[in-house]
Each structure stands twice: as structure tokens, then as C-alpha cells.
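Student: I would like to learn how the words used for a structure follow from its values. Could we go through some of them together?

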Amino acid sequence: MEIAALIETLHKGNFSCVIYNHGAIMDCRERGVKDLLYILNTCPATLNGAIVADKVVGKGAAAIMIVGGVRKIHAEVLSKPALNLLSSTDIIVSYAELVENIINRSGTGICPIEELCKECRTAEECIPFINQFVESQNK
């Protein structure tokens, strides 16, 4: 599947993210990294070698995709911290808009996951912070 078709699926279905791998498309509907993290933690083979089209990719989402072994990413909105992290990989990256940081849902500051991962130098360092944040939101 070509990335253009996956981007079209992302928009037509109004999904937050779509993943193509093993001949199938998986759609994500949750905001933020919740779906991606769930996939990484429960069925990581879904991400390994996948092509992903995502509406918003911050450093946290980028870290999950790197650790998961994604091979190609298109982001409608990509943060500079995410691009910096991705630039140290072989992942093919495209985006519609590059922003300084992902903004939180209330529009008052930086996304909490992007803030938590700010000092992390590798994708692997980000994952415990992301897991902890998502678990705290589920309580």
C-alpha cells in the first residue's frame, strides 16, 4: 500500500492514526498515544515493518513507532523534537506541517508527554515515561 492511500484512509475515516502491515489496515480512534502504546505493549508485531499515517506525531508517538519498528511514517502535524528523534533512524518520514512542539489539549502549553520526554535522548528512554503517564490517566 502506498502512503498516499493510507493518508486518504486517515482522513476519510476521521481516524487519529492508521497502520498498514501484513496486508491489513488497523485504525486508531483514541487521541494521543494511547492506541499506539497499547499496540506496542500487546501486539508489537503490528508495528514491526508497518507504514503509519497519523494526524499528530510528537516525541512520544515517534518513540513508540521507533521502538515498534515502523518503517515509514506520515504525520499531518510533526513536532521538531519528534523529527529530531526520528532523524537518528532509518524510518522514512513525511509530514504536512512541522511545529516547534505539540500543544496540550487545552491549548495552554506543551503536550504533557512531549514535556515528559523532553530530556530523553533515545526512543527507549521515552517509553517508561509514556507508560507511566497513560497509566495515570486510566485511573
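This is a predicted model: local features need pLDDT of at least 70, side-chain atom pairs count only at pLDDT 80 or more; totals for chains, interfaces and linings use all residues.

Student: Why is asparagine 14 called exposed?

Tutor: Asparagine 14 has a relative accessible area of 59%, and exposed means over 50%, so asparagine 14 is called exposed. This residue lies in the loop between helix H1 (3–12) and strand E1 (17–21), and its phi is near 50 degrees, a positive value in a residue other than glycine.

Student: What makes histidine 22 exposed?

Tutor: The reasoning rests again on the cut-off, since exposed means over 50%; histidine 22 has a relative accessible area of 63%, and therefore counts as exposed. Histidine 22 is placed in the loop between E1 and strand E2 (24–28), and although it is not a glycine, it has a positive phi of about 55 degrees.

Student: How are helix H2 and helix H6 placed relative to each other?

Tutor: The axes of helix H2 (residues 34–42) and helix H6 (residues 123–137) come within 11 Å and cross at roughly 115 degrees, and the crossing in which H2 passes H6 is left-handed. On the side of H2 the contact is made by Lys34, Leu37, Leu40 and Asn41, and on the side of H6 by Ile127, Ile130, Asn131 and Val134.

Conventions: Residues are numbered from 1 along each chain as its sequence is written. Side-chain values use heavy atoms; hydrogens and water are left out. Axes are lines fitted to C-alpha atoms, for helices over the stretch in contact, and angles run from 0 to 180 degrees between N-to-C directions. Helices (H or I, at least four residues) and strands (E, at least two) are DSSP runs, numbered from the N terminus. A crossing is left-handed if the near helix is turned anticlockwise from the far one by less than a right angle, and right-handed if clockwise. Contact means heavy atoms within 4.5 Å. Buried means under 20% relative accessible area, exposed over 50%, partly exposed in between (1.4 Å probe, protein chains only).
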